[in-house]
Amino acid sequence: MTKVIAPVSDAHAARFAELIEEHLGLRSSSRIELKAVMAARMRALQCYGFDAYLDRLESPLSMHEELRELAVRLTIGETYFFRSPEQLKVFTKIALPLLTQSSPTRQIRILSAGCSTGEEPYTIAMAMLELGPSAWARVSILGLDINPQSLAKANRARYSPWSMRATPPDCVEKYFHRESTQYVLDQRVKAMVRFEERSLAHEDLRFWQPRRFDVVFCRNVIMHLSARVLGEVVARFARVLAPDGFLFLSHAEPLRGISQAFRVEHAEGAFYYVLREARRSPAISISSVSRQRSSLIAKTTATTGPKAPECKLPLASAEVGGPAQLLPSLSLGAALMKAERFDDALATLQALAPADRVDPDVLLLTAIIQLERGKLDQAAELCASLLARDDLNAAVHYLIALCHEQGGRRAAAVDSYRAGVFLDATFAMPHLRLGLLFRREGDLPGARRELQNASMLLAQEDPARVLLFGGGFSRGTLIDLCASELRLCEASN
Ligand SMILES: C[S@@+](CC[C@H](N)C(=O)[O-])C[C@H]1O[C@@H](n2cnc3c(N)ncnc32)[C@H](O)[C@@H]1O
């Protein structure tokens, strides 16, 4: 008689999820999916007790093989050749020249972490081949993944037309030949890449040695990792990268709030990371681009105690982020700004002791006030000094974008708004500004996208952030503005 497996209980599914996170690093997908995978594995192994299956997963004798089976079922391997070509441009035009400028014969060691079926590391190999023998002769490329089936496919190096969809025709011609419906990769490219089965979640000091790689590509991977493992993985990347090394993540995976070890840069329409201590590349540093919230917001919305001047800011019970003596002035400055008494607000901040005037939050509020007063140069200067201290501040980046826009520098403004959005996906105002800009320029699809995002985000936006960055408008007015701009988009169609 066929044995029937009872539905997996929540407690067993939770233990299963913990083991998946510990060994594969994956954040738990839906409970339903986990239960289905667990039940399927138990059927395949003819293992009819949940505890027996979980014991098997924890036993040193069977763990390795079972984890490989699970990696096949739980990972998403979507990839293709020449994905995100703008990052490839940064790699060839900025990273390689910088890495080799002091020593032209330097060996360039590249890691493709989460390489799936090999398209990413092979694309890097083709890019090196395109640069000529002096480039490819001194490169080593390692592809790493936890999914053994993907790696087997990477080693076979035979691809469907779907994998080739973004490959430039001349590269198809040069580096592949057809066998029936398959594209077979040239041996020259294949020989440049080595693959290894390994989990990013697994700390192995022999592998993750300091300064072992010059460039790490880990694109479209970290979004699948649990928050805990993600922090560990990024710390590992910081360790294994040479001090002047480069880290490429996908655009959907900012390191905001995850690591202070890296600084984000922008060039060729792409974002990438360098170690904070590294020398600056010639790319535009998008500096600002911050943690989710400026600590100013925490300070101005913090309960300021009985001695604080009366202020109509939305008071929250947030912990205070800085020296207590600053809070009254910050609160008062923000309140005066809200009342559009910009000169008084500025005077309040300028009356602070010189040491307090350079507090980042005082500088940020001063920059906002200067912008409101139309003093673009002063605002830009303040932002520059903030960027020098904290290049992960979305709010500062947004202010810089405003300076650019008001100064008529459209392309720089768009870049900076995008940087703000990139580093803080919940920040409504850069979306709104982009929407307004695009509508004025007649880019209606772009305008609609940004305005819809802005409208959605504004509904959830932190009240203090609306106050600081909303240009004096209330949340309701800003949402109405989005709606009327969207109507104008429809009317122009
Ligand atoms: C969506 S693919 C990305 C492929 C390629 N990097 C790209 O951007 O086209 C994600 C890959 O990450 C791998 N992966 C997920 N978790 C991993 C881990 N803990 N260690 C190593 N690889 C992992 C998956 O097996 C999958 O092949």
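Guide: Start with a definition: Ala, Val, Leu, Ile, Met, Phe, Trp, Tyr, Cys and Pro count as nonpolar, Asp, Glu, Lys and Arg as charged, and the others, Gly among them, as polar. The model you see is predicted.

Visitor: How many nonpolar, polar and charged residues does the shell around the ligand have?

Guide: The ligand is surrounded by 25 residues. Sorted by class, they come to five charged, eleven polar and nine nonpolar.

Visitor: Which residues around the ligand are the closest?

Guide: The shell draws on two domains, with at least three residues from each of domain 1 (10–74) and domain 2 (85–285). The closest residues are Gly25, Thr75, Thr79, Gly114 and Ser116.

Visitor: Are helices α1 and α2 roughly parallel or roughly perpendicular to each other?

Guide: Helix α1 covers residues 10–24, and helix α2 covers residues 31–45. Their axes come within 10 Å and cross at roughly 90 degrees. Angles of 65 to 115 degrees count as roughly perpendicular. So α1 and α2 are roughly perpendicular.

Visitor: Which residues of α2 meet α1?

Guide: On the α1 side, the contact uses Ala13, Phe16 and Ala17. By class, the contact of α1 with α2 holds five nonpolar residues, no polar ones and two charged ones. The α2 partners are Arg31, Leu34, Lys35 and Met38.

Visitor: Are α18 and α19 roughly parallel or roughly antiparallel to each other?

Guide: The axes of α18 (residues 394–406) and α19 (residues 410–423) come within 8 Å. They cross at roughly 165 degrees, and the crossing is left-handed. Angles over 145 degrees count as roughly antiparallel. Therefore α18 and α19 are roughly antiparallel.

Visitor: How do the residues of the contact of α18 with α19 divide by class?

Guide: From α18 come Ala394, His397, Tyr398, Ile400, Ala401, His404 and Glu405. From α19 come Ala412, Ala413, Ser416, Tyr417, Ala419, Gly420 and Leu423. The division is nine nonpolar, four polar and one charged.

Visitor: How does α20 lie to α23, roughly parallel or roughly antiparallel?

Guide: Helix α20 (residues 428–441) packs with helix α23 (residues 475–492) at about 25 degrees, with axes 11 Å apart. Angles under 35 degrees count as roughly parallel. So α20 and α23 are roughly parallel.

Visitor: Is the crossing of α20 and α23 left-handed or right-handed?

Guide: The α20 side of the contact is Leu432, Gly435, Leu436 and Arg439. The α23 side is Leu478, Cys482, Glu485, Leu488 and Cys489. Together these divide into six nonpolar, one polar and two charged. The crossing is left-handed.

Note on methods. Residues are numbered from 1 along each chain as its sequence is written. This is a predicted model: local features need pLDDT of at least 70, side-chain atom pairs count only at pLDDT 80 or more; totals for chains, interfaces and linings use all residues. A residue is near a molecule or strand if its C-beta atom, placed from the backbone, lies within 6 Å of it. Domain bounds come from an automatic or database domain assignment. Axes are lines fitted to C-alpha atoms, for helices over the stretch in contact, and angles run from 0 to 180 degrees between N-to-C directions. Helices (H or I, at least four residues) and strands (E, at least two) are DSSP runs, numbered from the N terminus. A crossing is left-handed if the near helix is turned anticlockwise from the far one by less than a right angle, and right-handed if clockwise. Two residues are in contact if their C-beta atoms, placed from the backbone, lie within 7 Å.
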